[in-house]
Amino acid sequence: MGLKDNIRRVVPYTPGEQPKQKVIKLNTNECPYPPSEKVIQALKEADYSRLRLYPDPVCDCLLTALSEYYGVAKEKIFVGVGSDDVLSMCFLTFFNGDKPVLFPDITYSFYDVWAQVYRIPFKQLPLREDFSIGAEDYMAENGGIVLANPNAPTGVAEGLECLERIIAGNPESVVIVDEAYIDFGGETCLPLIDKYSNLIVVRTMSKSRAMAGMRVGYAFGCAELIKYLNDVKFSVNSYTMNLPSLIAGEAAIRDGEYFDKITGKVKATREWCKEELKKRGFLFADSMANFIFAKNPEYHAARIFEELKGRGIYVRYFNKPRIDEYLRISIGTDEEMREFIKALDEILILPEIERRG
Ligand code: PMP
């Protein structure tokens, strides 16, 4: 026995780069717009002498705002430090059996990391060629299911029919639907929480509310599942949400008008960008998220990625099976996307970018 035998060793999740210098940053699906003015105002007006106190462990002000906005009772809502924290708590709470947890082979690359760190057996089921989910694949024996909808990094949104089939077909397992990108398109499973007691719907303020830096995530489910989540949370750390996050989260959810404005802008820019990419021979599934996952059969994705980076434009490239010819391009402002397209036009005429054979 050596020291290392007693240490939990894992291969960690690799987040996208956060460069120090000013670049056009289209690599981590952040919102290109600032958070609501009301968030900034609420943070300015906060009584920071309260920082000497522990924050409210039940996060009541944030739960109240979420409850009013979504029309869901507070006991059906859980909040955490970004949806990564919420998802991690869900894995710890709901995936506690011997059977494998199921998720697609191409999806958010944190799922297998949590499964490994918590020693949860898991099985990755291949998406179909067009990156859609085969609902029938999920009728196999399992200890839980996790699906991102719209999926990342593909941007593909499944219809409710497919998701409901999976939820209804697995009454003995908790099905987590990660809706990090649902505010940019696709149909939410949220109304199904009243119909199915095995469903958890996870959301975040990182993308559509421009608050990745604040770390606010939340989940909806039946009161019983939310209670189990809270029991685990209070057994790990009672004070997950700090005071500024509670204040900013509440203000962000209460400014629905600004939310509609920025999500509308991102969606319009995305549709423009799809057309421009198409004109240049790129192929992609019809993304419903705030990014486009595209490949061009004529050119090497890894080389385009490097050339863009050299020009100060960061997109995401995954050197992984089935997706190593794709680039994931987050949607920026109109101006940033025009710069991106202009850079592509310079790059695509370089001889070494072309694929030969
Ligand atoms: N789920 C998916 C599918 C994501 O892409 C991300 C962003 N990396 C997250 C969850 C986590 O986001 P956050 O922790 O910022 O809420």
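Which helix gives the most to the shell around the ligand? I found that helix H3 (residues 82-94) does, with four residues; helices are DSSP runs of H or I with at least four residues, numbered from the N terminus.

I noted that this is a predicted model, where local features need pLDDT of at least 70, side-chain atom pairs count only at pLDDT 80 or more, and totals for chains, interfaces and linings use all residues. Residues are numbered from 1 along each chain as its sequence is written, and side-chain values use heavy atoms, with hydrogens and water left out.

Shell. I listed 14 residues around the ligand, the closest being Ser83, Asp178, Tyr181, Thr204 and Ser206 (near: a heavy atom within 4 Å). They divide into six nonpolar, four polar and four charged, with Gly counted as polar and Tyr as nonpolar.

Polar pairs. I looked up N or O atoms within 3.5 Å of each other. For Tyr181, a polar side-chain atom is 2.6 Å from a ligand oxygen. The protein covers 91% of the 400 Å² of accessible area that the ligand has on its own (Shrake-Rupley, 1.4 Å probe).

Thr64. I placed this residue in helix H2 (residues 60-70). A polar atom of the Thr64 side chain is 2.8 Å from the backbone oxygen of Asp60. Leaving out residues up to four places away in sequence, Thr64 touches Lys74 and Arg254 (heavy atoms within 4.5 Å).

Technical notes. Polar contact = N/O pair within 3.5 Å; in protein donor to acceptor, adjacent residues only side chain to side chain. Helix = DSSP H or I, 4+ residues; strand = E, 2+ residues; numbered from the N terminus.
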